Amino acid sequence: MHHSAYDWLPRSLETLHKANWYRQVNLVDRPGPLITKDGQQLINFASNDYLGLASDERLSQAAISATRRYGTGSTGSRLLSGHRELHVELEHQLADLKQTEAALVFSSGYLANLGTIAALVGPKDFVLSDIYNHSSLKNGAKLSGATLQDYRHCDINDLAEKLAVRDRYRRCLILTDTVFSMDGDLCPLPAILDLAEYYNCMVLVDEAHATGVFGAYGSGVVEQLHCLSRSVIQVGTLSKALGSLGGFVAGSADLIDFLRNRASTWVYTTGLSPADSAAAIAALKIIRTEPAHRQILWHNLQRCQTLLNRVDPLTSPIFTVPANNPTQAIEHSRSLEERGIWAPAVRPPTVPTSRLRLTLMATHTSEQLEKLAVEIKNLTPAHSN
Ligand SMILES: *Cc1c(COP(=O)(O)O)cnc(C)c1O
């Protein structure tokens, strides 16, 4: 009998379907608090566009002007033909937002993490990673070839215990999201930095959901928790609150200089497009000069917390509604959708337990938040355990 080498694919898909782990894409017409999906208008609680900038006319105009002036593609890696004045300006603005000496722009946040981690550590080194960290941090650690150890979620004591063997290794790098992408909770950053100092470790924080959202200056959780003056490598994305596409690392001039030489996901890939770069520059200007967007977002968060009678405060624009299992999570998401609300289910293997994951935007209206609260209260609650 001759089997095809690809026979396992339909079998794997079948397994995913049976476990209710199968995922599919959703066609959405455009960004914003109101979207059209399958011909139906829905209030969008699934966007990372926290400040509503992805549909801001000023970003679109900046992208159009940059395209007219510099063309569509950057045509080469930054070290060859792909380095533009726009990149210099963008990196300057990012370093300003992050209050660091320098910054480096990558094609995405995912690539920024992969390339930076793999450049900083290697087989002689030790990486400690929060168990709930984003996939890009986990895969960056794997790619580096360092010895990898997960510590319990936000558990400083567990981290300290695992650091006991630090001396067996050359360098040590601690990795953590500052805002965890599936639960919206914050890492205990000052305590992590204290431990890192004591054990002589580098710390890389992923500010993907924090940049533009946290801190008086919009810098992120590092600013919010008064850690800007401490030694920490900050990674972020241009594709969430900044409404564009791309990622970045901010830190010391030496770090950035080193990454320009050693981060393979930066060296061997094409520079960011003029349109994306210019849109991100426009977003950074808005974040610097119009703190009102951020304030309205935080006001919406408080409003939501009150409307939902939540005992645990919302610590970020990401929050969850727990479900008993993947099937219930999907049912909840469907029933909200029938009532005009887009709140997707997230399930294993992305997260350990099934839930709805919702995100708030500065551009949600009070009426939209009120409707959300009414409809969430109508769902059958998950058993508490
Ligand atoms: C979204 C996200 C990334 C990836 O950023 P992209 O620019 O979308 O590739 C990295 N880390 C975290 C925590 C994220 O939520």
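Student: How much space lies in the largest pocket?

Tutor: About 1,500 Å³. Keep in mind that this is a predicted model.

Student: Which residues lie nearest the centre of that largest pocket?

Tutor: Arg23, Pro344, Ala345, Val346 and Arg347. They belong to a lining of 43 residues.

Student: And which helices and strands supply at least two residues of that lining?

Tutor: Two helices do, α5 (135-144) and α13 (326-338). So do two strands, β12 (345-346) and β13 (355-359).

Student: Which one gives the most to the lining of the largest pocket?

Tutor: α13 does. That helix gives five residues.

Student: What about the lining of the largest pocket by class?

Tutor: There are 18 nonpolar residues, 14 polar ones and 11 charged ones.

Student: Now the second largest pocket. How much space lies there?

Tutor: About 500 Å³. Its lining has 24 residues. The closest to its centre are Met202, Val203, Ser231, Val232 and Ile233.

Student: Which elements supply at least two residues each to the lining of the second largest pocket?

Tutor: The helices are α4 (109-120), α7 (189-198) and α9 (253-262). The strands are β7 (202-206) and β8 (233-237).

Student: Which gives the most there?

Tutor: In the second largest pocket it is α7, with three residues.

Student: Let's zoom out. How many helices and strands does the chain have?

Tutor: The chain has 14 helices and 13 strands.

Student: Why is the chain said to be as compact as a globular protein of its length?

Tutor: Because its radius of gyration is 21 Å, close to the 21 Å that the globule rule gives for 385 residues.

Student: What does the C-alpha trace span along its principal axes?

Tutor: About 60 × 55 × 50 Å.

Student: What share of the residues is buried?

Tutor: Of the 385 residues in the chain, 51% are buried. Buried here means under 20% relative accessible area.

Student: What about contacts between residues 24 or more positions apart?

Tutor: They make up 71% of the chain's contacts with a separation of 6 or more.

Student: Last one, the surface. What does the accessible surface come to?

Tutor: About 18,200 Å² for the chain. Carbon and sulfur atoms hold 53% of that surface.

Terms used:
Residues numbered from 1 in each chain as written. Predicted model: local features only at pLDDT ≥ 70, side-chain atom pairs only at ≥ 80, totals over all residues. Heavy atoms only, no water. 1 Å grid on protein atoms, 1.4 Å probe; cavity = no way out; pocket = protein on both sides within 12 Å on 5 of 7 lines; lining within 4 Å. Points joined across faces, edges and corners; volume = space filled by probe spheres on them. Helix = DSSP H or I, 4+ residues; strand = E, 2+ residues; numbered from the N terminus. Nonpolar A, V, L, I, M, F, W, Y, C, P; charged D, E, K, R; others polar. Rg over C-alpha atoms; globule rule 2.2 N^0.38 Å. Buried < 20%, exposed > 50% of the residue type's maximum accessible area, 1.4 Å probe, protein only. Contact = heavy atoms within 4.5 Å. Areas by Shrake-Rupley, 256 points an atom, 1.4 Å probe, with all protein chains shown as cover.
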